[in-house]
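Let us go through some labels and ask what stands behind each one.

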Amino acid sequence: MKLVIAIVRPEQANDVLAALHRADVRGVSISRVQGHGGELERVETYRGTTVKMALADKVRFEIAVSDDFVDPTIDALLDGARTGEVGDGKIFVVPLERAVRIRTGEADRAAVTPVGD
Amino acid sequence: MAATAAIDPAATAWMLVATALVLMMTPALGLFYAGLVRSKNTLNTFMMSVGALGLVTVTFALIGYSLAFSHGNGFVGGFGHLFLHGVGFAPRPGTRIPELLYFAFQATFCIITAALVSGAVVERMRYRTFLVFLVVWSILVYPVLAHWVWGGGWLQHGGTLDFAGGVPVEMASGFSALAAAIVVRARKDYGRQALLPHNALFVLLGAGLLWFGWFGFNGGSGFSTGRPSVLAFTNTLLAPACTLVVWFVLDLVRDRRVTAIGAATAIVVGCVGITPAAGFVSPLSAMLLGALAALPSYALILWRPRTRLDETLDVLAAHGVAGFLGILFIGFFAERSWNGVADGLLHGNAAQLGHQALAAVATPAYAFAATFLILRVLALFMPLRATEREESIGMDVVAHGEEAYASGEGAILITAEDGIEPPVAVAQP
């Protein structure tokens with residue numbers, strides 16, 4: 001089992017969700033985050049105050065998957081999130097020790113496999 | 001001072017207030033529209049209305065007022081009032097208020113009408129191009145149509161009645177919006193993603209302020225404190241209330257829930273519907289008009305998003321269609337006993353319906369064709385749209401360098417000693 005974490009552009013989040021759906025990856029959490037990964041800084045001006053916006057809005061996906069699903073998940077993320085410009089984000093894959101489905105108490109592989117499969 | 005002897009102080013006092021009420025409708029519209037778009041386009045959407053407050057006031061003072069309200073031919077006015085020449089404290093012929101005030105009142109109409117068209121092109125039109133469009137449109141479209149019904153043009157001479165702007169405001173903005181949506185084309189995500197209103201409270205507050213301002217819009221269009229103004233004022237209360245009630249019923253039938261954004265839309269539709277008829281129909285007829293106005297607009301608002309026509313904020317449904325209905329309604333329900341001017345078909349004057357139908361055909365044709373051509377010609381000189389990338393980022397940051405909801409987190413102050421550098425890429429991965 002792995003936990004796939006992806007930081008993507010907010011405007012690509014819908015495309016990512018659609019790509020994950022096509023890849024049959026159903027269990028997803030997302031959160032809005034701010035970060036900086038090397039993209040152009042925006043310069044904004046409010047009356048006399050000019051600022052560089054060093055943090056950009058991003059969306060963070062967290063997806064727990066069984067090992068067979070790691071590559072399809074990564075492919076879907078690349079497919080949905082890539083624009084080719086600096087600032088498309090990152091994917092991190094980390095080992096996952098345990099997963100438990102709260103409703104049933106199912107553990108690990110069964111817990112990260114969608115109901116009905 | 002023979003010229004000022006005919007000034008009516010009460011009428012002048014009311015028209016000063018009415019003008020301020022109508023001016024407030026443009027920022028109210030900005031709020032209404034800003035609530036209906038995504039958060040990343042909030043400022044840009046509002047700034048389209050603010051652009052009209054600046055540019056259209058200037059064009060109307062310098063050229064537009066003359067083209068609408070000075071002596072000319074049946075199609076367009078002349079240059080008699082160019083640069084406000086001769087517009088002073090003497091009464092405007094046909095009224096008992098100073099022409100200077102008459103001009104200011106009419107200017108607020110031109111401003112909001114131009115701002116209304118922005119609803120068709122929000123979230124993707126390039127801001128600088130939109131500003132140029134405002135200038136050209138406010139010279140070539142609004143004054144011509146205002147001349148037709150109010151400035152001594154061919155519709156006015158033919159007998160068409162339009163109390164507060166079914167022709168130059170409502171049908172003009174609605175059918176111009178249709179043309180603009182066709183030329184500028186759909187947003188890149190239209191039909192692929194759900195593009196939802198980001199703040200329904202703005203929409204409700206904007207609609208409420210629009211209704212409030214509309215009392216000046218319709219109530220002021222009698223240019224007096226006499227019967228037409230009182231009738232129009234009260235009808236502006238009655239008609240939108242009936243539209244709201246019918247809209248609630250339609251919502252309940254369709255989904256068993258009454259929607260807030262639907263209610264805000266209903267207020268606007270009702271105000272639009274009564275606008276041309278406000279001083280010409282009885283209070284009960286106004287209530288019927290308000291109720292009827294809900295039906296075609298509701299249907300179009302449901303149907304339009306299923307098409308490829310990204311007329312984004314439904315200016316055609318809310319203004320074009322409801323204005324069309326209001327203009328025709330006069331032809332049936334006008335009552336001389338209430339308005340002192342003319343009867344409609346139901347009161348024995350079938351000819352009035354013909355006059356109204358003529359306006360209901362000619363206005364959409366001119367507004368659509370003129371706007372279509374203006375934008376096609378502008379497109380030869382400058383891009384109409386932002387790039388796809390800019391559309392993704394959002395027009396607030398791209399066009400204005402500001403955000404409506406800036407958190408301030410991660411903002412690094414650029415001090416005067418540093419100077420303002422162009423954006424630099426750091427830590428290229």
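A residue counts as exposed when its relative accessible area is over 50%, as buried when under 20%, and as partly exposed in between. The model is predicted.

Q: Why is A:R47 called exposed?
A: The cut-off for exposed is over 50%. A:R47 has 84% relative accessibility, so A:R47 counts as exposed.

Q: Where in chain A is A:R47 found?
A: A:R47 is in the loop that links β3 (42-46) to β4 (49-53) of chain A.

Q: What makes the phi of A:R47 worth a remark?
A: Most residues other than glycine have a negative phi. A:R47 is not a glycine, yet its phi is positive, near 50°.

Q: Why is B:F212 called partly exposed?
A: B:F212 has a relative accessible area of 47%, so B:F212 is partly exposed. B:F212 sits in helix α9 of chain B. Leaving out residues up to four places away in sequence, B:F212 touches B:L21 and B:M24.

Q: How far apart are B:F212 and B:F83 in sequence and in space?
A: They are 129 residues apart in sequence. From C-alpha to C-alpha, the separation is 31 Å.

Q: What makes A:R82 exposed?
A: The threshold is over 50%. A:R82 has a relative accessible area of 58%, so A:R82 is exposed. The residue is in the loop between α2 (70-81) and β6 (89-95) of chain A.

Q: Which residues does A:R82 touch, not counting residues up to four places away in sequence?
A: A:R82 touches A:L77 and A:D88.

Q: How does the radius of gyration of chain A compare with that of a compact globule?
A: A compact globule of 117 residues would come near 13 Å. Chain A has 17 Å. Along its principal axes, the C-alpha trace spans about 60 × 25 × 20 Å.

Q: What share of chain A counts as buried?
A: Buried means under 20% relative accessible area. Of the 117 residues of chain A, 38% count as buried.

Q: Which elements make up chain A, and in what order?
A: Chain A has 3 helices and 6 strands. From the N terminus the order is β-α-β-β-β-β-α-β-α. Among contacts between residues at least 6 apart in sequence, 70% join residues at least 24 apart.

Q: Why are α13(B) and α15(B) called roughly antiparallel?
A: The label needs an angle over 145 degrees. Helix α13 (residues 315-333) and helix α15 (residues 350-381) of chain B pack at about 165°, with axes 7 Å apart. That angle makes α13(B) roughly antiparallel to α15(B). Their crossing is right-handed. Residues in the contact include B:F324 and B:I327 of α13(B), with B:Q352 and B:L353 of α15(B). By class, the contact has 9 nonpolar, 3 polar and no charged residues.

Q: What makes α9(B) and α11(B) roughly parallel?
A: Roughly parallel means an angle under 35 degrees. The axes of helix α9 (residues 200-219) and helix α11 (residues 260-274) of chain B cross at roughly 15° and come within 9 Å. The two are therefore roughly parallel. The crossing is left-handed. Among the residues that meet are B:W211 and B:W214 in α9(B), and B:I267 and B:C271 in α11(B). The contact divides into 15 nonpolar, 1 polar and no charged.

Q: How do you know that α5(B) is roughly parallel to α6(B)?
A: The limit is again under 35 degrees. Helix α5 (residues 127-140) and helix α6 (residues 142-149) of chain B cross at roughly 20°, and their axes come within 3 Å. That makes α5(B) roughly parallel to α6(B). B:W137, B:S138, B:I139 and B:L140 of α5(B) make the contact with B:Y142, B:P143 and B:V144 of α6(B). Its classes are 6 nonpolar, 1 polar and no charged.

Notes. Residues are numbered from 1 along each chain as its sequence is written. Chains are lettered from A and ligands numbered from 1 in the order in which they are written. This is a predicted model: local features need pLDDT of at least 70, side-chain atom pairs count only at pLDDT 80 or more; totals for chains, interfaces and linings use all residues. Side-chain values use heavy atoms; hydrogens and water are left out. Axes are lines fitted to C-alpha atoms, for helices over the stretch in contact, and angles run from 0 to 180 degrees between N-to-C directions. Helices (H or I, at least four residues) and strands (E, at least two) are DSSP runs, numbered from the N terminus. Angles under 35 degrees count as roughly parallel, over 145 as roughly antiparallel, 65 to 115 as roughly perpendicular and the rest as oblique. A crossing is left-handed if the near helix is turned anticlockwise from the far one by less than a right angle, and right-handed if clockwise. Contact means heavy atoms within 4.5 Å. Ala, Val, Leu, Ile, Met, Phe, Trp, Tyr, Cys and Pro count as nonpolar, Asp, Glu, Lys and Arg as charged, and the others, Gly among them, as polar. The radius of gyration is taken over C-alpha atoms; the globule rule is 2.2 Å times the number of residues to the power 0.38. Buried means under 20% relative accessible area, exposed over 50%, partly exposed in between (1.4 Å probe, protein chains only).
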